[in-house]
Amino acid sequence: MRTGISELAIRLRNREISAVELTKAYIDAIEKLNPTLNAYVHLTFDTALKAAEKADQMLKEDDAPLLCGIPMALKDNICTDGLTTTCCSKILKGFKPYHDATVWEKLKAHGAVLLGKTNMDEFAMGSTSETSCYGAPLNPRNTNYVTGGSSGGSAAAVCANLAVYSLGSDTGGSIRQPASFCGVVGLKPTYGAVSRYGLIAYGSSLDQIGPLTNSVKDAAIVFDAIKGGDKRDQTSVDYDYGSSLAECLDRDVKGMRIGVAEEFFNGINPEIKSKIEEAIKLFEINGAVIENIRLPALKLALPVYYIIACAEASSNLGRYDGIRYGYRTSFYTSIEDMIVKTRSEGFGDEVKRRIMLGTYVLSSGYYDAYYKKACLIREEINREFDAVFEKCDVLVAPTAPNTAFPLNYKGASPVEMYLSDICTVPVNIAGVPAISVPCGEDARGLPIGMQIIGRRFDEATVLQVAHFYEQIAGKVIGAYEGGAGI
Amino acid sequence: MNYEIVCGIETHIELATKTKIFCGCTTEFGGEPNTHCCPVCTGQPGSLPILNQKVVEYAIKAGLALNCKINTKSHMDRKNYVYPDLPKAYQISQYDEPLCEKGYIELDSGKRIGITRIHIEEDAGKLIHENGYTYIDYNRSGVPLIEIVSEPDISSAEEAKEYAEKLQLIMRYIGISDCKMQEGSMRCDVNLSLRKPGDPRFGVRTEIKNINSLSFIQKAVMAEAERQADILDAGGTIVQQTMRYDEGTNSTTPMRDKENSDDYRYFPDPDILRFSIDDEKVEEIRTSLPELPFDKLKRYVNVLGLPEATAKQISRYRKVAEFFEGALAEGASVKNTANLIVGTIFSNMDTEEEKELFAVRISAAQFAALVKLADEKKINIGFAQSTLQKMLESGKPVEEFIKPEDLVGISNEELESLCKEAVDANPKAVADVRSGKDKAINMLFGYIMKKTGGKADIRKAEVLLRKLIGQ
């Protein structure tokens, strides 16, 4: 098993290795592997080394934070003051924000060392990271396959040990699905648990930042550092989690009520289905009570998601007009012409598709039939989740109906691609927390992910169940060979 | 004109909060372009709005002052349209849940003009066209606005002007905006259509945008009504369009609409949570409201017994009314206080703005001290006026200008003997008055004033003098 954050923290404090040395090891690995894997799209080695030097100073103090001196990565849609942030879109080419995202501000205060910004689907729209304007990242487990998306680069960097941990964002599964495809852990926190300030918006009522890591414990450590209310994000909540979640991971599942909804298993690849069922068995053997429950509205989650996310996106992406920042077309005859050409040239097909969809569902005459109806169904889905969580402590489900797609998979139409989000989007609609943990491999050796879904602001139980599974199931998948070798 | 005017007015008012509606930037007018802005009000990727609670409070103040019902549950919507001065490509506004609804403004005639709604929203930036280029200044972007929409209850140009004037007065009074039309902190759009008297149906309306003075509102309504009447008289039809009023030619002309479509795709802004306002909060705001100018006017006339013209002049400006009421509270008389304000203090103030600001160098108490001397007839009104002027110029209290010996009035006997003295000492003047050169009496007045240091009651002296001269 790979060295976790707490072990690295001990080694840093024992002077077995310095933050600068650790950072250099990761820089070397990135220089060696990134040209192939394309996990990073912007490298920030200079600032990383400076941050590492500072971290080494901080580490001389007894109260240095756990994440001090640990090299990490941020998804390219998280704003970093003065450092290129593009959402992997041509339209934000060269954009350097004037502000830090709250999560990055917090991590910096912890002495985090940023190695670079990671690859992603353009504006986080996609399930393979192939819509990136920098080309797709490759799945380190098998480079003929995609990483998943949209936080594909964040998942690949952690999988290939090109970062100890990374942050991604999850609007409809964008942390959990690539975590599942790359065999790492991905946590989507409760909506409002982590500030969205500085996260470039896709679907504002669904977006949430979370960690991708090699272990549940690491995920808990990073979540501890980034969670909390923010006066710059009105939708954030200053929830009192009591104590550090990383320190309360050890909990037996005996007597715990684990819900299984058949709706999550419809149309799932049989190999995945059987692995998740094995895991459920394991929980049962260890004393958990398995509750078979129903979530009938789940079948509506996908259309609801695509209506709401696209509606919000069509409005959120209106600002990219070539006037203030980013890409601007070279030749134009008027301001209208400039805006039209800039957007036509700057956005990729998937982004355009979703902007058009969103514009359509908000248009007068269609609003009631689509957007308004979707909001009503969203409330119904929330009610169903609320009812289920009266009977269960967590739900267990597959993270995705399939393992990683081959690169440039031409078999899928956009709608088929959207279907691959079926297990993850209900979680965003309900705003509840969920984690994806590795749960074996398919016949091709590609990782499978299991999703554990909890009550709003009950990340503690979600992490405890995931940690329990990780401990008893062992690291069932082989670690990636290579990377920083730390 | 054989038509009836049907007119409604939409008014945008910039709120005088210190900071913008969704960020901490200053709302100060002017400033070098793009110096009063930040990631939030320039719509930088990743930035998020935080609703300024003062804006909500100010809008509720406006609603209460305009007799509106306050919606204690409300939310913000996004109004999507593309224009370079709108950095997010949507304006955060309110669509189907405005903060205030169903109010009215009462005109002097007693007619009520309904207020449909008041909602809060953000202002856009400003385009500056120079040397063939267009520049954008985002200083104004995110400045809080309220939009006040009236019912189409206005049926003449005079009513339109009066409505806007009253609205401006009330907003200034409750201190939520300076409502300077020339600086754009109050902007009016007038909707207007015509119909045959008695016809219950509305005609096709046009909208006259961005009228920037009260008198232009009246003129624009007249010009547009005439334009529409001419078309209708000639058997034509009115086209629904946006007009511009040109003060030079006193006419309205169609203007190109900046939005290419009317579909704003409103939807609730997911970045700002639905909010609710406690009933107690509304009551707290209600009790914090000052007495409004029209209520003051009524009280000044009915209770204090002031003539309406004087009462109007004083109640019109909040600071003047406060100064007036402050002096009364010190025990000064209504009549002398009012007359000295209108007669002497106002003569130092040429513009509406000066009266609005009412920057006087003496306190209401200092003013009252002077008025009371006149009330007690220790000094005459003329002397009070000249002393007040000196006080206003120097900012010094009344004791600086009136010595105790000045306060001893001239007794009737003294005055009589002084008058005799004056007649004896100025035989030529007396003869002149007798022969009809009435102005010559001033010579006698001058003599008496000089002898008494200006204290003598000149009207009394005149009566005595004329008796002595035999007129």
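## About the model

This is a predicted model, where local features need pLDDT of at least 70, side-chain atom pairs count only at pLDDT 80 or more, and totals for chains, interfaces and linings use all residues. Residues are numbered from 1 along each chain as its sequence is written, chains are lettered from A and ligands numbered from 1 in the order in which they are written, and side-chain values use heavy atoms, leaving out hydrogens and water.

## A sheet in chain B

Three strands of chain B make an open, antiparallel sheet in the order β5-β4-β15. Strands here are DSSP runs of E with at least two residues, and helices are runs of H or I with at least four, numbered from the N terminus. Two strands pair if DSSP finds at least two bridges between them; β4 (residues 77-80) and β15 of chain B have two, in the antiparallel sense.

At the edges stand β5 (90-93) and β15 (267-268) of chain B, each with a single partner strand, so one side of each has no neighbour in the sheet.

## Two helices crossing

Also in chain B, helix α14 (residues 427-434) packs with helix α16 (residues 458-469) at an angle of about 85°, their axes 11 Å apart. Axes are lines fitted to C-alpha atoms, for helices over the stretch in contact, and angles run from 0 to 180 degrees between N-to-C directions. That makes α14(B) roughly perpendicular to α16(B), a label for angles of 65 to 115 degrees.

On the α14(B) side, B:Val430, B:Val433 and B:Arg434 meet B:Arg466, B:Leu468 and B:Ile469 of α16(B), with contact meaning heavy atoms within 4.5 Å.

Technical notes:
Parallel < 35°, antiparallel > 145°, perpendicular 65-115°, else oblique.
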